[in-house]
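The points below are meant for a colleague who is opening this structure for the first time. Please read them with the sequence and the structure side by side.

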Amino acid sequence: MAGEAVGGVASGDGVQGDVDSRDWWDHRPVFSTVDKGGRITGLAPGERPGRLTGRLLISSALCFIGWGIASLLGTSLLCAGTSAPAGSCAIDVPGDIPVVWAIVAAVVGGYLTLFVTTDVTEQARQRFGQRRAASFLRSAPLLTGLLVGAAISVVTALRIDTAETIRRTTQGLIGTEAIAISAALAVLAGLWWVAVVLRLPGALLHAYQRQTTIDRLRRDGRRYDGQVRLGDIVYWLGNNPELNVTIEYDSPAGHHQRRARMRTSPDRVPTDGSRVIVYDDLRGDVHVELDRAAGPVWAPEARYTPSE
């Protein structure tokens, strides 16, 4: 994004204009005085705390179907390529399919599956304002699909002669490679699925509570003008840096300094001392956001771009 920024802003030494977007990430940098990393939560101005929607559930169902088909077809193709007994493959793949058509089908199917997976991630990220919750919402249907597809292949292979098939597979005999790989995929996907599903409700609740707090503070909190003092870069999440910062502001109770984390992109790092708005309920909850009316200036992008 060198040379430009969201909302008509020149990066580097540009000044931020008005941002009209329902995506909280378009309003970066995002600050948090309580969370770090993927737990940092944002809420676009004017938006309400996120909830599961019909569109998101439909996209999740399509994601499950896409990865389920990919897992089932993949393990069936693997089975067809071995000397497994007839009828042990979940799907009998014809051997006379033209290579060109097989490649086209694989490319189209792969593209559609990745498209719906990305759509789930983006919807969840925008709605819940948190990358951790979005990651779990994406992983749940993806892993379910992988698990179901691989499990169907295993069950189909064991249906012929369960005891003999298990004996041959555990001994690693020729013709059982597909069963072993399908079983391993099902076990790994199942274990990962359990870890995701157990953490998903807590992640969604955490994101919703954080967004509810932001909404409440914007509406009912005391507003103060402050400044952000930049600290060191903690790490990059992809190409996006997360920094330790200090928020300074004055209230009738005196001068305050609050440690915080700031998530942003390399082209949207405000210069040291930039003005921020602090919402404080005087009970410990604080929300910080950049004061865009003050025309913030961005630091040079190269300074906050990770080295190769």
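1. A word on terms comes first: an axis here is a line fitted to C-alpha atoms, for helices over the stretch in contact, and the angle between two axes, taken between N-to-C directions, runs from 0 to 180 degrees. The coordinates are those of a predicted model, and the remarks that follow should be read with that in mind.

2. With that convention, helix H2, which covers residues 99-128, packs with helix H3, residues 131-158, at an angle of about 150°, and their axes are 8 Å apart. H2 passes H3 in a right-handed crossing. On the H2 side the contact is formed by Thr117, Val120, Thr121, Ala124, Arg125 and Phe128, which meet Arg131, Ala133, Ala134, Leu137, Arg138 and Leu142 in H3. Sorted by class, this contact of H2 with H3 has seven nonpolar, two polar and three charged residues.

3. H3 also packs with helix H1, residues 54-80, here at an angle of about 35° and with the axes 7 Å apart. The crossing of H1 and H3 is again a right-handed one. From H1 the contact draws on Leu56, Ser60, Cys63, Phe64, Trp67, Gly68, Ser71, Leu72, Thr75 and Ser76, while the residues from H3 include Leu137, Arg138, Pro141, Leu142, Gly145, Val148, Gly149 and Ile152. By class, the contact of H1 with H3 has 12 nonpolar, nine polar and one charged residues.

4. H1 itself has 27 residues and reaches 39 Å from its first C-alpha to its last, which is close to the 39 Å expected at 1.5 Å a residue. Its buried residues are Leu56, Ser59, Ser60, Cys63, Gly66, Gly68, Ser71, Leu72, Thr75, Ser76 and Cys79. Against which helices do the buried residues of H1 pack? They pack against H2, H3 and H5.

5. In the loop between E1 and H1 lies Thr53, which counts as partly exposed because its relative accessibility is 22%. Thr53 and Gln123 are 70 residues apart in sequence, and their C-alpha atoms are 9.6 Å apart in space.

6. Helix H5 spans residues 177-220, 44 residues in total, and reaches 63 Å from its first C-alpha to its last, close to the 64 Å expected at 1.5 Å a residue. Where in H5 does the kink lie? It is found at Leu200, shortly before the proline Pro201, and amounts to about 35°.

7. Ala184 counts as partly exposed because its relative accessibility is 37%, whereas Ala186 is buried, with a relative accessible area of 13%. Leaving aside residues up to four places away in sequence, Ala186 touches Leu147, Ala150 and Ala151. The C-alpha atoms of Ala186 and Ile69, 117 residues apart along the chain, are separated by 14 Å, and those of Ala184 and Leu137, 47 residues apart along the chain, by 24 Å.

8. Turning to the strands, Arg258 is found in strand E4, which covers residues 254-263. Is Arg258 buried, exposed or partly exposed? It is partly exposed, because its relative accessible area is 26%, a value that falls between the 20% below which a residue is buried and the 50% above which a residue is exposed. Residues up to four places away in sequence not being counted, Arg258 touches Thr33, Val245, Thr246, Ile247, Tyr249, Gly284 and Val286. The C-alpha atoms of Arg258 and Gln126, 132 residues apart along the chain, are separated by 27 Å.

9. Two details of the backbone deserve a look in the viewer. Arg28 and Pro29 are joined by a cis peptide bond, with omega about 10°, and Pro29 is found in the segment before strand E1, residues 30-32. Leu282, a residue other than glycine, has a positive phi near 65°. Leu282 is found in the loop between strand E5, residues 275-280, and strand E6, residues 286-290, and it counts as exposed because its relative accessibility is 52%.

Conventions:
Residues numbered from 1 in each chain as written. Predicted model: local features only at pLDDT ≥ 70, side-chain atom pairs only at ≥ 80, totals over all residues. Heavy atoms only, no water. Helix = DSSP H or I, 4+ residues; strand = E, 2+ residues; numbered from the N terminus. Left-handed = near helix turned anticlockwise from the far one by under 90°. Contact = heavy atoms within 4.5 Å. Nonpolar A, V, L, I, M, F, W, Y, C, P; charged D, E, K, R; others polar. Expected span 1.5 Å × (residues − 1). Bend = angle between axes of the 7 residues up to and from the residue. Buried < 20%, exposed > 50% of the residue type's maximum accessible area, 1.4 Å probe, protein only.
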